[in-house]
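Subject: The two-chain model

Hi,

Here is the model I promised you, followed by my notes on what turned up in it. Have a look at it first, then read on.

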Amino acid sequence: MSAFSVDTTHTAGLAEIVASLPLSLSPVGDGPAQLAAVAGSPGWAQRAMEAADGGALAVVVGSPQTDDGVAALASETAPRVVLAWDFAANPGVLAAADAAAPLRESAVLAEATLAVPSGTDLDAALLDVLVAVDRVAGEPASLRSLHRGANSWHLAGGTRSGAPLALSLVVTDAASASLRLRILTDDGGLTAVVPSPDTAAPAEIRVVARDGERLLPTLWETSRRASWRRAVAIAAGDTISGDIAELHRLTPLAAAALG
Amino acid sequence: MPHTTHTEDGSPLIGVGFLGAGPVTQAIHLPSLARLTDLFAVAHVMDVDGGVAADVAARAGARHSTSMEELLADPRVEVVAICSPHKFHATQVIAACRAGKKAVLCEKPFAVSGEEAAEIAAVSDETGVPIVVGAMHTFDPGWLAAEQLMGDLPETAHTLRSSVVLPPNARFEDFATQVFTRPPGPTRPPLTHPSRPEPDLSDLAVVATMLEGGVLGLAIHDLPIVRRFVPRFDDLEVLHAEIVRPFGYVFLLQAGGRTIELTAAMNATWKPDWTFEAIGPDSTLKVTFTPSYVQAGSAVAEFTTADQTTVAGPFGCNGYEGEWRRIAGIVRGTEQAPDAATLIDDLRFALAIADGARAHVLEAAA
């Protein structure tokens, strides 16, 4: 397989990604890039559409924020768009999703607690958390905002199995950003501690069952690298992305919480 | 337990009398006192079940009875430990104070209403008998070390989080001792005892009562620690209150400008997970406690700033031993008794949450 070209000059950190996937990605030379990097600031849906229309085989949207244009993304474009969530795209979250699947029906409580530095866009962070919850605990049945202040945002809802769902987004500069997901069942559960997207330190996923506790194999890869690997697979025709469909599905919940 | 009456330095051992000899006395306090035979001797055990009183007293070489009055009249009893059901606490605390004992240790909560708390305060003030509430985490060396580490975090913290995941009490009681005639009843998790029918959670009065039980039976362990970070709670508001099956809760509170998350799940898991967190703009504190009952050492405190994490603990003893050591210091005159006003405010804080949860649930239905 030859490497797909990307333009590393306009996206911070992309050169590092390319350096870590040298057989799959290469800096663009002459001509348009085969894979497009799109900033996740508002308007990203339109930019993703334009990149796809311009010939990009796959589009990676970095840290997506809320964007009213998602619904307008063409059906032929959406399967080629990877949403590079800071936390939800961590490979550990995907591993946790598999491990959590058998627990969802018997969950008695689901939680997500996000710690982020000051200046973080909490609206965008909520989308990220919601996607992570969707992947691990299953699609929430309901969600509402309880309290939003300068330093925190707390939400409550329920899982499809009827368990309480508690989300909290808390601002602190004392430590690196992290996301903790927890599903408790009557006799065990799953906890995933997902590190900042800046680090390849692994998410730590522990599953507690009657016969003991299991630490899932650690995956030393940033969420960004994992997202670009997915883009490579999409460009190669090995898979398609369901990220836009997932976001579209979760948008009503997010909108209800955002008010 | 030894039958000696004096310490190596010639000081008399402090005689302890227990009102109530159930699992808390058997699995928590007797094993703790067995680690402190240089300070204490169990003198008298009272329980309404004479068989339980006799068996538990025999373990400690103590006298036994079924009468509170008989225990309070026993001159060898200098410290009264109240380990009876909640509803008896206030009456027994007051009686112990009026009996002129040297100190009273009362399991939490030491009263179940603000009126009872005020009455206890008045009697304690009048008699001068110090009262210690068995909020063991507040005596845990890990927490005490955290208090030394955390700088201005009590003033700056904006979010407080208490999370408790516990197996059934019996799991840890059985590690701590061999319980004689384990009773079903209020000391058991309301939903996990096989003798109890599944509660009707469609009845909001049932939900409110369960939430109240969660506050006064479980959350109360760490509410004094939470309150350390809450400057005032006269504006306390319950924003969310929900049951976690089979026994537990999710609360979101606002008080004194702080947001407070209280979460608990008590179920069939084998793995305990008991933490308290305080989060501020520039620093965070996480305290991880050992489970109840067992002598598994102290909590571990982690205080984190942008530059570093400082860890304190684990230390060799837990908060149960810590509270008994404090009582010994109070009786010997080397340590101050807890401030009664603080204890009463701690209780009022818990009652405000319980009352607020009840109102929140019932108003939501209205």
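Let me start with chain B, which is divided into domain 1 (14–133) and domain 2 (138–365); these bounds come from an automatic or database domain assignment. The C-alpha centres of the two domains of chain B lie 23 Å apart. Across the boundary, 41 residues of domain 1 of chain B are in contact with 33 residues of domain 2 of chain B, where contact means that the C-beta atoms, placed from the backbone, lie within 7 Å. On the domain 1 side, helix H1 (23–34), helix H2 (50–60), strand S5 (103–106), helix H5 (114–127) and strand S6 (131–133) of chain B each supply at least two residues. H1(B) gives the most to that side, with eight residues. By type, the domain 1 side divides into 26 nonpolar, eight polar and seven charged residues. (Nonpolar covers Ala, Val, Leu, Ile, Met, Phe, Trp, Tyr, Cys and Pro; charged covers Asp, Glu, Lys and Arg; the others, Gly among them, are polar.)

A word on the source: this is a predicted model, in which local features need pLDDT of at least 70, side-chain atom pairs count only at pLDDT 80 or more, and totals for chains, interfaces and linings use all residues. Residues are numbered from 1 along each chain as its sequence is written, while chains are lettered from A and ligands numbered from 1 in the order in which they are written.

Chain B as a whole has twelve helices and 14 strands; helices (H or I, at least four residues) and strands (E, at least two) are DSSP runs, numbered from the N terminus. Its radius of gyration is 20 Å, close to the 21 Å that the globule rule gives for 366 residues, so chain B is as compact as a globular protein of that length. (The radius is taken over C-alpha atoms, and the rule is 2.2 Å times the number of residues to the power 0.38.) Of the 366 residues of chain B, 54% count as buried, that is, with 20 or more other C-beta atoms within 10 Å of their own, these atoms being placed from the backbone.

Now to chain A, with six helices and 13 strands. For chain A the radius of gyration is 18 Å, close to the 18 Å from the globule rule for 259 residues, so this chain too is as compact as a globular protein of that length. Its domain assignment gives domain 1 (4–84 + 224–241) and domain 2 (91–220), and the C-alpha centres of these lie 26 Å apart. Six residues of domain 1 of chain A are in contact with six residues of domain 2 of chain A.

One helix to look at is H4 (residues 122–136) of chain A: its 15 residues reach 20 Å from first C-alpha to last, close to the 21 Å expected at 1.5 Å a residue (1.5 Å times one less than the number of residues). H4(A) is mostly covered, with twelve of its 15 residues buried. Among the elements covering those buried residues are helix H3 (91–100) and helix H6 (243–258) of chain A. After H4(A) comes Gly138(A), with a positive phi near 95°.

Finally, how do the chains meet? 23 residues of chain A are in contact with 29 residues of chain B. S9(A) gives the most to the chain A side, with four residues. That side divides into eleven nonpolar, eight polar and four charged residues.

Best wishes

Notes
Contact = placed C-beta atoms within 7 Å.
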